[in-house]
Amino acid sequence: MDWKKIGNDIVVSGVDCLNLDLTLDCGQAFRWEKQEDGSYSGVAGGYFLNIYKNGDGGLVFKNTPEEAFTGFWAHYFDLERNYAEICDRLKSDSLLSSTIDAYYGIRILNQESWEALCSFVISQQNNIKRIKLIISRLCRAYGEDLGNGYYSFPSAEALSGLTVADFEALGTGYRAKYLERLSKDVASGKIDLAKIKSLPLEEARKELLGIYGVGVKVANCALLFGFEFYAAFPVDVWMKRVMEYYPDGLPECFEGIEGIAQQYLFHWARNNL
């Protein structure tokens with residue numbers, strides 16, 4: 001990855017395997033919206049960003065301070081990871097070989113643990129459009145105003161004083177009681193997200209499964225998208241169908257990067273099964 005500052009923008013070249021449509025609108029993050037000009041706007045880490053690819057294939061971070069890029073966005077988009085090498089390895093599996101060719105450019109975002117965990121608690125028995133709407137209401141009501149209609153994701157401390165009824169008013173339904181407990185437990189330190197992130201995968205999964213309202217699917221989604229466990233492998237109704245193609249278990253080429261393989265297989269399943 002090479003980058004330079006041009007005016008107020010950061011322009012990155014040499015980024016392999018990053019399709020903004022496939023990455024930002026695939027169900028792993030819920031605060032990105034495609035604009036009329038083809039760019040994406042969203043908020044993460046307390047920063048607003050508009051991002052697009054220019055005619056040379058460079059990735060443009062519009063009006064982005066250098067410290068925000070180096071301190072947050074470069075890691076958020078995992079720009080230092082060699083995804084071309086990862087995809088070449090995964091293509092030794094016959095199903096993924098054609099899938100990666102068809103949907104090249106899916107990348108795992110390194111989201112903040114708190115936001116990812118909350119988002120996937122909200123995602124239970126929900127569709128993407130409604131998840132985005134609920135999270136938008138949550139941020140507008142309790143996040144920091146970043147200007148131009150954009151808000152940060154509220155901290156656990158900011159939400160810890162809310163009641164179940166407050167969460168229900170946002171449209172969270174039965175998930176309100178989970179969010180109310182989760183906010184209080186994280187704010188009080190009873191749940192230590194940084195500690196969970198530092199644990200081995202199986203121990204981290206066990207810790208998340210001990211949280212009120214967190215089941216196996218939510219735990220694995222949070223581990224992959226918010227705790228940087230690339231070996232986590234979320235299974236939903238689509239992935240259950242995919243697993244029929246692997247009666248003997250996942251192939252060896254998936255080892256350690258099962259979550260990246262999962263994103264390609266999930267996208268393939270939604271479009272072909």
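Thr 64 sits in the loop between strand E6 and helix H2 (66-76). Helices (H or I, at least four residues) and strands (E, at least two) are DSSP runs, numbered from the N terminus. Before going further, please note that this is a predicted model, in which local features need pLDDT of at least 70, side-chain atom pairs count only at pLDDT 80 or more, and totals for chains, interfaces and linings use all residues. Residues are numbered from 1 along each chain as its sequence is written, and side-chain values use heavy atoms, with hydrogens and water left out.

**Around Thr 64**

Thr 64 is buried, with a relative accessible area of 3%. Here buried means under 20% relative accessible area, exposed over 50%, and partly exposed in between (1.4 Å probe, protein chains only). The side chain of Thr 64 reaches the backbone oxygen of Lys 62 at 3.0 Å. Setting aside neighbours within four places in sequence, Thr 64 is in contact (heavy atoms within 4.5 Å) with Lys 5, Asn 8, Ile 10, Leu 49, Phe 69 and Trp 73.

After H2 comes Asp 78, whose phi is positive, near 55°.

**The strands**

Which strands pair with one another?

| Pair | Sense | Bridges |
|---|---|---|
| E2 (residues 9-13) and E6 (residues 59-62) | antiparallel | 3 bridges |
| E5 (residues 47-53) and E6 | antiparallel | 4 bridges |
| E3 (residues 32-34) and E4 | antiparallel | 3 bridges |
| E4 and E5 | antiparallel | 5 bridges |

Ile 10, one of the contacts of Thr 64, stands opposite Phe 61 in E6. Tyr 52 has Val 60 as its bridge partner in E6. Trp 32 stands opposite Gly 42 in E4, and Ala 44 stands opposite Tyr 47 in E5.

Three hairpins carry a glycine with positive phi. In the hairpin of E3 and E4, with 5 residues between the strands, Gly 38 has a positive phi near 95°. The hairpin of E4 and E5 has 2 residues between the strands, and there Gly 45 takes a positive phi near 60°. E5 and E6 form a hairpin with 5 residues between them, where Gly 57 in the turn has a positive phi of about 85°.

Is strand E4 mostly covered or mostly open? It is mostly covered, as 5 of its 5 residues are buried. In a regular strand the side chains alternate between the two faces of the sheet. On E4 both faces are covered, with Tyr 40, Gly 42 and Ala 44 buried on one side and Ser 41 and Val 43 buried on the other.

**Empty space**

Rolling a probe the size of a water molecule over the atoms shows where empty space is left. On a 1 Å grid over the protein atoms alone, a cavity is a set of points where a 1.4 Å probe fits but cannot get out, while a pocket is an open set with protein on both sides within 12 Å along at least five of seven lines; lining residues have an atom within 4 Å of a point. Grid points are joined across faces, edges and corners, and a volume is the space filled by probe spheres set on the points.

The structure holds 1 cavity of 30 Å³ or more, and the largest cavity has a volume of about 60 Å³. Its lining is formed by Ala 29, Arg 31, Trp 32, Val 43, Ala 44, Gly 45, Tyr 76, Gln 111, Glu 112 and Glu 115.

The largest pocket contains about 510 Å³ of space. Of its 25 lining residues, Ser 123, Asn 126, Lys 217, Asp 236 and Phe 266 lie nearest the centre.

The second largest pocket contains about 250 Å³. It is lined by 15 residues, and the closest to its centre are Arg 31, Glu 33, Lys 132, Ser 136 and Tyr 150. H6 provides the largest share of that lining, 6 residues.

Notes
Pairing = 2+ DSSP bridges. Polar contact = N/O pair within 3.5 Å; in protein donor to acceptor, adjacent residues only side chain to side chain.
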